[in-house]
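Please keep the sequence and the model at hand while reading.

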Amino acid sequence: MKTTIVIPSYWGRSWKEPIDPVDDVYDHPTPIDEEGTLKRALESFQQVQNRNFRIVIVGAATNPQFQESCQTKIEDIIENSQLKIPINLFSYKEGEVVKRNLEEKGYSNLLHFISFKGYSNIRNACIIAAILTDADIAVFFDDDEIIADPEFINKAHDFMGEEVNGKKVVGKAGYYIRPEADTYKIPPQHDWIWAEWDGTAAMNEAFRIIESTPRLKLTPFAFGGNMVIHSDLFTKVAFDPNIRRGEDIDYLFNAKMFGYDFLLDNELFIKHLPPKGRNPSWQGFRENIFRFVYSRQKLIAQKPMKGMRIVEAEELDPYPGVFLKDDLHDRIYKTSVLLALDYLSKKDEEGFKKALENIGIAKYEAKPEYNPFEWYLNYNQEWRELAAVLSSSPCFRLFD
């Protein structure tokens, strides 16, 4: 199978500068004046036994003022890489080439798909990179990870395109080994601030399937940094750009709506070594509010459609299903109050105010004014058109 490893790499403001509220919010973008983790991630591929693949790095900046620097930094890392594997960059310059070719062929309506802003758009850019390299499968990897198993590529290939229990395997989810120990389990959350939220407990409960047999089994979760997607799926289903984070699990939900299931592969793992983030707690929680409120609205808005199925929240239990139920707003309210009290105890007036603002945001801003299910169906129909166009013409083969 022709395989492309796609690696998004986020670059942003120096730690010497204060956070700018206009910057796109990512968990831990590399400061533009530092080397970051991308070189380490690439070097880790030296140990893989199967080298029959190529790598495409998808570069994204948190602010337009860093776009040129982002492009240059990644180009330098690629040029100086000692990895004897084809490595290409798909970022702002390459995106403009694709846009120009689309426009010349009369597909101006599809230009909006070429975007490097926001997690979901960047994941879609990863798929576009896979299509541009004529890949049969795309292996999603993040630049804050390293290969921890020489058999990783072979295991990523295992079962893909084959039938398991009467269904073709088109989507697999792997898992992360934590930085502090050789385990996937998240340390229990005992901080009173998160007593009414406690996503850690729900995630650890979901992770129990990693220990169980058989090797492949139906999963309610997927990690964007360790996913394997067959072209039969990624040319049919797009990431929803209205999801601000958690785009990986939302993709699993979208795939389910179209009848495609993700399977957890309990032998497919990587080592996750995320750098320290700088986003305050109220902001990280706010991103989760937008994420889960939107996902719940899309789930509620489903209706019977030809070639689709209705996905129930219980199918996504214990995680993320726990945050897609009727008590979501109650959880948000209580957690926002607890977070605000914590800021108050630290005499952080700004944090206190921002935490309480999350209550109103959950009720008035996070809930879309449009029907998210219908919106996504229209968007995804255009995505299928884009995939067909990019696959059909040699002018879109940017890489040797």
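## The second largest pocket

Helix H9 makes the largest contribution to the lining of the second largest pocket, giving six residues; helices (H or I, at least four residues) and strands (E, at least two) are DSSP runs, numbered from the N terminus. The model is predicted, so that local features need pLDDT of at least 70 and side-chain atom pairs count only at pLDDT 80 or more, while totals for chains, interfaces and linings use all residues. Residues are numbered from 1 along each chain as its sequence is written, and side-chain values use heavy atoms, with hydrogens and water left out.

On a 1 Å grid over the protein atoms alone, a pocket is an open set of points with protein on both sides within 12 Å along at least five of seven lines, a cavity is a set of points where a 1.4 Å probe fits but cannot get out, and lining residues have an atom within 4 Å of a point. Grid points are joined across faces, edges and corners, and a volume is the space filled by probe spheres set on the points. The volume of the second largest pocket is about 660 Å³, and of its 28 lining residues, Asp24, Val25, Arg244, Glu287 and Phe290 lie nearest its centre. Helix H4 (119-132) and H9 each supply at least two residues of this lining. By class, the lining holds 14 nonpolar, five polar and nine charged residues, where Ala, Val, Leu, Ile, Met, Phe, Trp, Tyr, Cys and Pro count as nonpolar, Asp, Glu, Lys and Arg as charged, and the others, Gly among them, as polar.

## The enclosed cavity

The count comes to one cavity of 30 Å³ or more, and the largest cavity has a volume of about 90 Å³. Its lining consists of Gly246, Ile249, Asp250, Phe253, Arg291, Phe292, Ser295, Leu299, Leu316, Pro320 and Leu324. The elements that give two or more residues to this lining are helix H8 (247-257) and helix H9 (281-300), with the largest share, four residues, coming from H9. By class, there are seven nonpolar, two polar and two charged residues in the lining of the largest cavity.

## Prolines between H9 and H10

Pro320 lies in the loop between H9 and H10 and is buried (under 20% relative accessible area, with exposed meaning over 50% and partly exposed in between, for a 1.4 Å probe and protein chains only), at a relative accessible area of 3%. The C-alpha atoms of Pro320 and Gly246 are separated by 9.5 Å, although the two residues are 74 apart along the chain.

A cis peptide bond joins Tyr319 and Pro320, with omega about 15°. The peptide bond from Asp317 to Pro318 is cis as well, with omega near 0°, and Pro318 also has its place in the loop between H9 and H10.

## Positive phi values

Most residues other than glycine have a negative phi, and most peptide bonds are trans. Phe159, in the loop between helix H5 (152-157) and strand E7 (163-164), has a positive phi of about 75° and is partly exposed at 26% relative accessibility. Asp198, in the loop between strand E9 (171-177) and helix H6 (199-206), has a positive phi of about 45° and is partly exposed, with a relative accessible area of 25%.
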